[in-house]
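Here is a short briefing on one chain. Look over the sequence and the coordinates first, then read on.

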Amino acid sequence: TSVSNQVDPPDVQGRYEILKVHAKGKNLAPGVDLLAVARQTPGMSGWCWDDPGRNGYHDDPIQPGLGV
């Protein structure tokens with residue numbers, strides 16, 4: 001017997017915290033505002049940002065040098 005649990009996508013604050021983890025140690029472009037990115041990416045999670053191509057996203061929003 002298998003059990004599955006539905007987990008809702010993170011809210012803005014949760015996405016912001018996830019983005020901070022993914023951005024740590026990255027050389028982001030000046031002016032990149034991770035909170036703004038979090039606000040613009042409803043429904044996304046760390047899984048989406050970890051491998052953008054897996055979900056059809058080809059532009060990683062926190063890619064170094066990208067001004068978001």
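E17 is partly exposed, with 35% relative accessible area; buried means under 20%, exposed over 50%, and partly exposed in between (1.4 Å probe, protein chains only). This is a predicted model: local features need pLDDT of at least 70, side-chain atom pairs count only at pLDDT 80 or more, and totals for chains, interfaces and linings use all residues. Residues are numbered from 1 along each chain as its sequence is written, and side-chain values use heavy atoms, with hydrogens and water left out.

**Fold and surface**

- The chain holds 3 helices and 0 strands. Both element types are DSSP runs, numbered from the N terminus: helices are H or I with at least four residues, strands are E with at least two.
- Read from the N terminus, the order is α-α-α.
- The chain has 68 residues, and 24% of them count as buried.
- Its accessible surface is about 4800 Å², and carbon and sulfur atoms account for 49% of that. These areas come from the Shrake-Rupley method with a 1.4 Å probe; for residues, only the protein chains shown count as cover.
- Take the contacts between residues at least 6 apart in sequence: 62% of them join residues at least 24 apart. A contact means heavy atoms within 4.5 Å.

**Confidence**

- Mean pLDDT for the chain is 76, and 65% of residues reach 70 or more. pLDDT is the predictor's confidence in each residue, from 0 to 100.
- Among the elements, α2 has the highest mean pLDDT, at 94. Helix α3 (residues 46–50) has the lowest, at 60.
- Residues 62–68 stay under 50 in pLDDT. The model still gives this stretch 20 contacts beyond four places in sequence.

- How many salt bridges does a search of the whole structure find? The search finds 1. The criterion is a side-chain nitrogen of Lys or Arg within 4 Å of a carboxyl oxygen of Asp or Glu.
- The partners are K20 and E17, with their closest N and O atoms 3.2 Å apart.
- Both sit in helix α1 (residues 12–23), 3 residues apart, so about one helical turn separates them.
- K20 is partly exposed, at 34% relative accessible area.
- The E17 side chain also makes a polar contact with the side chain of Q13, at 2.8 Å. A polar contact is a pair of N or O atoms within 3.5 Å; within protein, one must be able to donate a hydrogen and the other to accept it, and residues adjacent in sequence count only if both atoms are side-chain atoms.
- E17 and A38 are 21 residues apart in sequence, yet their C-alpha atoms are 8.8 Å apart in space.

**Nonpolar core**

- The largest nonpolar core has 7 residues: L19, A23, A29, V32, L34, V37 and A38. Such a core is a set of buried Ala, Val, Leu, Ile, Met, Phe, Trp, Tyr and Cys residues joined through side-chain atoms within 4.5 Å.
- Helices α1 and α2 (34–39) each supply at least two residues of this core.
- The most comes from α2, with 3 residues.
- In soluble globular proteins, nonpolar side chains tend to be buried together.
- V37 belongs to helix α2. V37 is buried, at 2% relative accessible area.
- V37 and Y16 are 21 residues apart in sequence and 7.8 Å apart in space, C-alpha to C-alpha.

- T41 lies in the loop between α2 and α3.
- Is T41 buried or exposed? T41 counts as buried, at 9% relative accessibility.
- The T41 side chain reaches the backbone oxygen of A38 at 3.3 Å.
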